[in-house]
Amino acid sequence: MVSLLRNQKVRNALLQVLYVGSLAALVLAGIVIARRNLAEQGITSGFDFLYKSTGWDVNFSLLPATANDPYWWFFLIGIINTLFLGSVGLVLATLVGTIVGLARTSSNELAQLLGRTYVDIFRNIPLILQVFFWYAIITHLPTPRAAHEALGMFLTSRGLYVPFPNVGGIAFAAAILAVIAAIALPIWIGRTSRLSQPFGERLGIQLAAAATALTTAAVILALGRLPDLPLLDFPALQGLNLKGGLRIPPEFSALAIAIAIYGGSYIAEIVRGGFKAVGKGQMEAALSLGLSPWRVFTLVRLPLALRAMLPILANQYVWLMKATTMGIAVGFTDFFMIVALTINHSGQTLEAIGILMAGFLAINLSLAAVFNRINKAIALKGNQLRG
Amino acid sequence: MEMVVVAPPAPGRLENLKRRFFATPLQALLSLISLAIMAFIVWKLLDWAVFSAVFTTSGGPEACQAAAGACWSVIAARWRIILFGLYPFEEQWRSALACVAVVVMTALSCIPAFWTGRRIALVWGAGTTLYYLLMKGGVLGLLYVGEEAWGGLALTLFIFITTCLIGFPLAICLALLRRSELPWISRTTGIVIDGVRSLPLISILFTFAIVLPFALPQWLVGDKLYRVIFGSALFFSAYQAEIVRGGMQGVPAGQEEAAMALGMSYWQRIGRILLPQAMRNALPATINQFVISFKETSLVVIVGFFEILASGNAAYGTGEWRFAYVEVYAFIAFIYFVFVFSLSRYGAFLERRMAVGER
């Protein structure tokens, strides 16, 4: 026996079995105890509860939701809310971060100072404090009767009311896709066409593509229009409250603003790092080839900086997606809050935690997959020159 | 023939300014826009925070609410609740002293003379013990105060130091396990680390505070505060383990091979060769992680602890100070800023200092 323990191979195998086994035993014991404790409270484990109706409501949803809907529908709503808030926050944070990052890399010292002050202040204050702050600011705005009004929009303590087209949900989504295409197509054409192509000819194709996409959007909106209603629904005061239009609730705007500002300060640093990573020789070479400063920026500096930024940016985006869980602090029904509410109301603790983990794993993995694809697509291929 | 080279006259101050900020029309425009933004913000801020602000509590909340600027009287009236929470009023000097102990401990561990395993452990052990004795009392004639009465800045600091104290050794263990030569050990540890990293911290805190009591035998449940601290330490260690592992990868393989050739045992190799060099490589990222986890202590407000953010909400949330939320949040933000900014500046300083050594 002792000689067997002296054998390195046997010892290693034993160690591994012991390590993995004890971890697995720990998890299993936890599950067994939890199931027994839950059974004592009369909760049957299993995923049957997913088909029961919840009996409570959510305060924000892109899909129709009532208290009679089943749990699985609410989980779906939660995931969509998380993805929606995440992508709005992500776009805004990228916008803020790019502007501040460019200010920090500009040759103007005043702009640099401005960018640096921004980053230093907002990076060093916890995100949740900023969420609370903006939430308090928004909920202390005047009531609908005394609201600020501009361009048909109302800024009130109950949220931001904006005009909204009276069209069906699917038509609206399709129209948004068409508008995105109207922006993306000209860029894509510009990237794929050769530099040797006459500038005017390319511009013509780009304009035609954008016009086609925009017309499609208009046609979709006209076709999907709800009957007997004006095309644009303006919010208007009725009694003590505002009716009509689209209400953006304070929870959502507070989170989106906080994520944009806080995330923007991190992205600004990433942008700055990306531009710093571009060799000076590259720019000097481009200038000496006679390219204009604007073309040096768009054709040399930006593409090279983007390649340096993208892997770090991907991490930051994953982090931003996870930051949407702050929704529970102000009562925005994101995925995590739905899980917490489910545990409170149904007691299906283990199942809900399992769904939570699976959900975030799926979000993380799919984001990582998307960014790996982009990364591979834009990576410099060999050192051949491309037209 | 003698060539006389005359240096161009040194530019005057005005010329210098012109070159720096108004070299081209675009530069001039950028300078003017930046200047305008800065002037506007600085003026508005000064006007709000200083010129039209109320500093004394003499007028009460009513006089304060009428003022156009900030109402700092709310801080003068409620600073104790923000800093110390519900800690007994007579004993709050202990809470303040405990906070000072933590700050001194952190400052000491920033001095390179303390960067040996034994000394840093001594400083942190002594600091945490001192904090715990001061806060909890029950000895040396100090009144006993249970954890449920701790709050404010003191609780934030306690959660931070205990997270680091538990998380750091755990991170080193996880990093060593992950680089183990035994495939099943490294793989399983990798799954644990990546699993924790893929979850948001709030969900981990929630699980440890609310779900874990179901999954533990009665005698192991313990106080909610310590469960949450353990959850936050686990989260910290999963991130820190990857940082330590990165530092280990930066140590040349020859170092370990040389140690093996000298006949050193595994623990000698780890303790004397690998870890000291790995920690040096990992230092900037480690400080960054400390900064992040200090900011993230604020998340415990969600599972119902009375740390500085929650006590701030309470300070303006009730009664006559309801209008003064901006001032309270500004005060808390300032406290966070002082801690986090000094720590991150220190990190940047270390990074520069170490870069000098490598040139």
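The model is a predicted one, where local features need pLDDT of at least 70, side-chain atom pairs count only at pLDDT 80 or more, and totals for chains, interfaces and linings use all residues. Residues are numbered from 1 along each chain as its sequence is written, with chains lettered from A and ligands numbered from 1 in the order in which they are written.

In chain A, helix α8 (residues 250-276) packs against helix α10 (residues 293-323) at an angle of about 150°, the axes being 8 Å apart. Helices here are DSSP runs (H or I, at least four residues; strands are E, at least two), numbered from the N terminus, and axes are lines fitted to C-alpha atoms, for helices over the stretch in contact, with angles from 0 to 180 degrees between N-to-C directions. That angle makes α8(A) roughly antiparallel to α10(A) (over 145 degrees; under 35 is roughly parallel, 65 to 115 roughly perpendicular and the rest oblique). Among the residues making this contact are A:Ile259, A:Gly263 and A:Tyr266 of α8(A), which meet a set on α10(A) including A:Arg301, A:Met309 and A:Gln316; two residues are in contact if their C-beta atoms, placed from the backbone, lie within 7 Å. By class, the contact has 14 nonpolar residues, three polar and one charged (Ala, Val, Leu, Ile, Met, Phe, Trp, Tyr, Cys and Pro are nonpolar, Asp, Glu, Lys and Arg charged, and the others, Gly among them, polar).

A:Ala314 also sits in α10 of chain A. Beyond its neighbours within four places in sequence, A:Ala314 touches A:Ala368 and A:Phe371. A:Asn375, 61 residues away in sequence, lies 9.6 Å from A:Ala314, C-alpha to C-alpha.

Between the chains, 40 residues of chain B are in contact with 41 of chain A. On the chain B side, α14(B) gives the most, with nine residues. That side comprises 29 nonpolar, nine polar and two charged residues.

For chain B, an unreviewed UniProt entry lists several stretches as "transmembrane region", including residues 150-177 and 198-219; such annotations may be inferred rather than shown by experiment. In the model, residues 150-177 of chain B are 93% helix and 0% strand, with end C-alpha atoms 36 Å apart. Residues 198-219 of chain B come out at 73% helix and 0% strand, and their end C-alpha atoms are 30 Å apart.
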